[in-house]
Amino acid sequence: GKWLILSFNENFKSNIQIGPKIFNGKKTKQMLKGKEYKEIQMTDLDLADKLIIYADHEEFVFNILKPSIIDIIKRLYKETNGKILVFFLNNQIHIGIGDKKNFFEPSIYSKFNLEKEKNKISNQINIIMKLIDCWI
């Protein structure tokens, strides 16, 4: 899979974790260690039964998770078949995509199609760029 870390000049006012309800990975436990987090109810009904939000300061969650950010998280969820984690920690956004695929290696089991591979990589980069654009 992929793990991206995007750094910003300002700290977020709340540390937030968004991930599948069934996820219970080691990385999550390490990042949340020693913090007191509350489960936050999602307002987006499409995602409410699929993803769960934890935050340490509930009052700031929806200032950070603007509708444009939720739309991108929805798209990431769809593109990754639900294998996504998003952390807002201090001044960073961590995005984990658990697709068990190497980003730049095409399949060895099917005929290589350059255009298809370029489109696949371009689509994933564009999703991440849109997430970044939400803060610029």
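Here are some friendly questions and answers about a predicted model.

Q: Why is Glu-117 called buried?
A: Buried means a relative accessible area under 20%. Glu-117 has a relative accessible area of 15%, so it is buried.

Q: Where is Glu-117, and which residues is it in contact with, leaving aside neighbours within four places in sequence?
A: Glu-117 has its place in helix H5. Leaving those neighbours aside, Glu-117 is in contact with Pro-106 and Phe-112.

Q: What makes S2 largely enclosed by the rest of the structure?
A: Look at its residues: five of the five are buried, and therefore S2 is largely enclosed.

Q: How do you know that S2 and S4 pair?
A: Two strands pair if there are at least two bridges between them. S2 and S4 have five bridges, in the antiparallel sense, so they count as a pair. Within this pairing, Gly-19 stands opposite Ile-52 in S4.

Q: What makes S2 and S5 a pair?
A: Here there are three bridges, and at least two are needed, so S2 and S5 pair, again in the antiparallel sense. Gln-17 stands opposite Phe-87 in S5.

Q: Which residues touch the most other members of the largest nonpolar core?
A: This core has 29 residues, and among those that touch the most other members are Ile-16, Ile-18 and Ile-53. Strand S2 and strand S4 are among the elements that give two or more residues to this core, while H4 gives the most, with six residues.

Q: Which residues is Ile-18 in contact with, leaving aside neighbours within four places in sequence?
A: Its contacts include Leu-51, Ile-53, Leu-65, Ile-73, Val-86 and Phe-88.

Technical notes
Residues are numbered from 1 along each chain as its sequence is written. This is a predicted model: local features need pLDDT of at least 70, side-chain atom pairs count only at pLDDT 80 or more; totals for chains, interfaces and linings use all residues. Side-chain values use heavy atoms; hydrogens and water are left out. A nonpolar core is a set of buried Ala, Val, Leu, Ile, Met, Phe, Trp, Tyr and Cys residues joined through side-chain atoms within 4.5 Å. Buried means under 20% relative accessible area, exposed over 50%, partly exposed in between (1.4 Å probe, protein chains only). Contact means heavy atoms within 4.5 Å.
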